[in-house]
Amino acid sequence: MPRRKLAVAVTGLGGLDNPEPGKPVARALRQGFPQPLDIHGLSYDAWTSGAWAAGVCDAVHVMPPLAAGDDAAFARIMAIHDDNPLAAIIPCLDLEVMTFSRLAARLRDGGIRTLLPESAQIDAVRKTELPQLCYRNGIVTPTTVHVPVISQVPFFADQLGYPLIVKGTVAGARKVHNAEQAAIEAAKLHLRWGNGVLLQKPVAGDEYVVAMVARGDGSCLGKVAVRKLGINERGKGVIGAVVNDPDLNREAERILGTLNWRGPLELEFIRAHGSARLNLIEINCRFPSWILLTAWAGCNLPALLLQEIMKPGRPRARAPLPGVAYVRDVFESAIPRTKLAQLERQKDLSLVGRGRRPGRMARRSARGAKVAITGVSAFEVVMPGLGVARALRASGEIGQVVGLGYGPFDTGIHRRDLFDHLFQIADPADHDALVSALATARKKVGIDAVLPCLDFEMEHFIAVRQRLEDIGIRTLLPSQEALRITRKRQVFNGAVKQKDWGAFAMPPTMKVWTLQGVERSARALGFPLMIKGLVSGAYPAHSLEDARALWLRLKEEGHAESLAQPFVYGEEFAVAAVCDRQHRMVDAVAIKKLLRCERGNTWGAAQVDLPDLVESFAAFLKAVRWTGPVEGEFIRDAVTEKFMLLEINPRFPAWVGYCGDIGVNLPLQAVRMALGRPAGKSDPRPDLMFMRSCEEIPAKASAFAAFATRGGLSHERP
Amino acid sequence: MRVRWRLSSRARLEEDGGGARFLLDTYNAAMSTCNDTAWTLLRQLKRGASVHGLARELVARHDAAPRSARSDALNFVRRLRRMGLVDAAS
């Protein structure tokens, strides 16, 4: 007889590129809890992307905002409980833990269990209280100052010196190098989290994190320590591996002993280079977003927590297996519009039976072409190669998909579901090395076509196009001239004479080389002003001070020259397309961007019917003699309703996997045309929305080693 | 008396199906990929070996010249000691 399902609610299923821990907690529960589960996701809006990922939640419920108060949260949970009797709730966001802790007794009376610390314990580990906690307990921590009044940030920042970490009182942190940057970042963090900011002296060293579960009596039920092996430029640990360091273990348990804690906890440490001393930099009163790693390491902390909640007094969990690693990549889904609308309107939605996860090496044509793709990582930003591979894999028409990566930290090298083989390529500016790498890959696994997917690669692939053709690798690329005139620097500055293309126009633009140039553009264009890097980065400035700081930030990021444009308020759209060798647009998908991550990239979207915009964009591409994949990004002025061109990207966008989902498989069309075959007919399905969330995948240490030392690896099954 | 060295319990040797071999430091997840020579020495150290024994292995298996083999083996053990990955067994 099948065992009865246990219903458990999990929160924190959003977060986009700064993922919340709810999704990995739910996945860990699925993998390790010894009883079938009904997982109910509690979210604050329908666009909580992690809840929509296949196989995570059985149902989603929209909660009132925390600001509505404890009674509103309690009433909503009890309403959910009436329909779906919940055995337990695991809150996964810092701000919620306090609320659920206060509600714990009422929830218990209602039949819902939790394992959470008392309010006083949560207060004691707040970021603002950490220096005092460390002082009282002899815990080493970097010099940290809480500055509740934002106007005083430059003064305190100057006292501490630079570089300096500016931290929000709840979450968020950024390294700054001068008082101006400190003030700007502090204002942003204060606006988001309130209560000022923290200024912390950075400690250069290796970062370690320890996730723990404490029993009701404060003792340690289970503990997993991890070293962050790959940290991206926003300070997020994207790659990590379990460690077994006795000093770290001892210190973590000593700290836990001082906290009188119950439930999940994360401690963050830095061990300074050349020192054995561990600096505690943060305590989080919930599971971290890498928590699924604990399941792969044999010490599944979310499952242990739920077991302890249901039957307290479990024996201590066994130690995790050191060396087990994770990589944070992404998972993309196509969501029926009707389902999203239903959740928005009714606040409750069953997801039972919604979508299956693609199997390993799903859909492959035995006689299909072998296609190589670059841009296969989500380490810093989600690169388009992942979406291209997903679309090609979904088509069933491609034989093998070969990933071309730049290093062992390219997250895509662990995607067995997308890539059959992966090869390392060097700096594409070395054309001989580029051709040689592709020739080697072709010799080993056979490659019929290559789709470069990163902006900086394009000029190099165009330069070696004939050499690639000579060794049997086909491409579909624009000319160097078409690439040149569509770059931001040229397209807005006279390289394309026509400013109005019917459905869209070019915004007035000024080049900015110097601080004086910032002032000139501010005088000419007024505020708000967009300061844009030539390759990436675009920030709105609301004052001259803002504009100067943003221009300096872009300069520090390597942009010797920036562009200034008037800020346009409105919704953003994009058109992804592919043009044939006669520069005709063969197929296109227009989307409205509905969810954008902190870096401005699209994580949620809907296909839209914009024939005029697509037609005007096709005319533009014909005029610039474009060939191959391309994306145009637009903003629709909320007042004039006119589309303004924001950018032309000489490759597919990162959301292009969605095109495969909706039946307009642009990457497949590009491969067909590269191989000299006719483009096929698309069969659009306009009822699906695009949604992306972060997803941890298990990484084999041997994969890092193989990629780094042998220059490649294979996921193909013998 | 010759000192016998043994790979520390914090060190783990791993090998994948494709032939990649590496040494994992379980204290900090640092990975060092290994060539054939290093692998030979690490396998010996796992069982416990003196520098003399390691050098002999290099001569026998990798055609190393006896003098350079001894110096290579010594440097290898010193490096592992600095990393905390070998202990003196006797």
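Pro528 of chain A sits in the loop between helix α19 (515-525) and strand β22 (529-533) of that chain; helices here are DSSP runs of H or I with at least four residues, strands are runs of E with at least two, and both are numbered from the N terminus. The peptide bond leading from Phe527(A) to Pro528(A) is cis, and its omega is near -5°. This is a predicted model, in which local features need pLDDT of at least 70 and side-chain atom pairs count only at pLDDT 80 or more, while totals for chains, interfaces and linings use all residues. Residues are numbered from 1 along each chain as its sequence is written, chains are lettered from A and ligands numbered from 1 in the order in which they are written, and side-chain values use heavy atoms, with hydrogens and water left out.

A cis peptide bond also joins Tyr162(A) and Pro163(A), with omega at about -5°. Pro163(A) belongs to the loop between α7 (153-160) and β6 (164-168) of chain A. Another backbone feature is found at Lys347(A), which is not a glycine but has a positive phi of about 70°. The loop that holds Lys347(A) runs between α12 (337-346) and β15 (348-350) of chain A. For background, most residues other than glycine have a negative phi, and most peptide bonds are trans.

Strand β15 of chain A also takes part in a charged pair. Asp348(A) forms a salt bridge with Arg76(A), their closest N and O atoms being 2.9 Å apart. Asp348(A) lies in β15 and Arg76(A) in helix α3 (residues 70-83) of chain A, so this pair ties together parts that are 272 residues apart in sequence. A salt bridge is taken as a side-chain nitrogen of Lys or Arg within 4 Å of a carboxyl oxygen of Asp or Glu, and the count over all chains comes to 59.

Turning to the sheets, chain A has an open one of five strands, in the order β19-β16-β17-β18-β31 and with mixed pairing; two strands pair if DSSP finds at least two bridges between them. Its edge strands, β19 (449-451) and β31 (712-714), each pair on one side only. Neighbouring strands are turned against each other by 20° on average, direction ignored. Within this sheet, β16 (residues 369-374) and β17 (residues 398-405) run parallel and are joined by six bridges. Thr374(A) has Leu404(A) in β17(A) as its bridge partner.

Two helices of chain A meet these strands. Helix α14 (residues 431-445) packs on the sheet and touches β16, β17, β18 (421-424) and β19, with its direction at about 155° to that of β18(A). Helix α23 (residues 666-674) lies across β16, β17 and β19, running at about 140° to β19(A). Contact here means heavy atoms within 4.5 Å; axes are lines fitted to C-alpha atoms, for helices over the stretch in contact, and angles run from 0 to 180 degrees between N-to-C directions.

Chain B has an open sheet of three strands in the order β2-β3-β4, with antiparallel pairing. The edges are β2 (11-15) and β4 (30-33), each of which pairs on one side only, and the twist from one strand to the next averages 25°. Four bridges connect β3 (residues 21-25) with β4(B) in the antiparallel sense, and Phe22(B) stands opposite Thr33(B) in β4(B). Helix α1 (residues 36-47) of chain B lies across β2 and β3, at about 130° to β2(B).

What do chains A and B bring to their contact? Chain A contributes 19 residues and chain B contributes 14 residues. The area buried between them, meaning the accessible area (1.4 Å probe) lost by the two parts on being put together and summed over both, is about 1,200 Å², of which carbon and sulfur atoms give 64%. On the side of chain A that touches chain B, the elements giving two or more residues are β10 (220-231), β11 (237-243) and α24 (701-710). Helix α24(A) gives the most, with seven residues.
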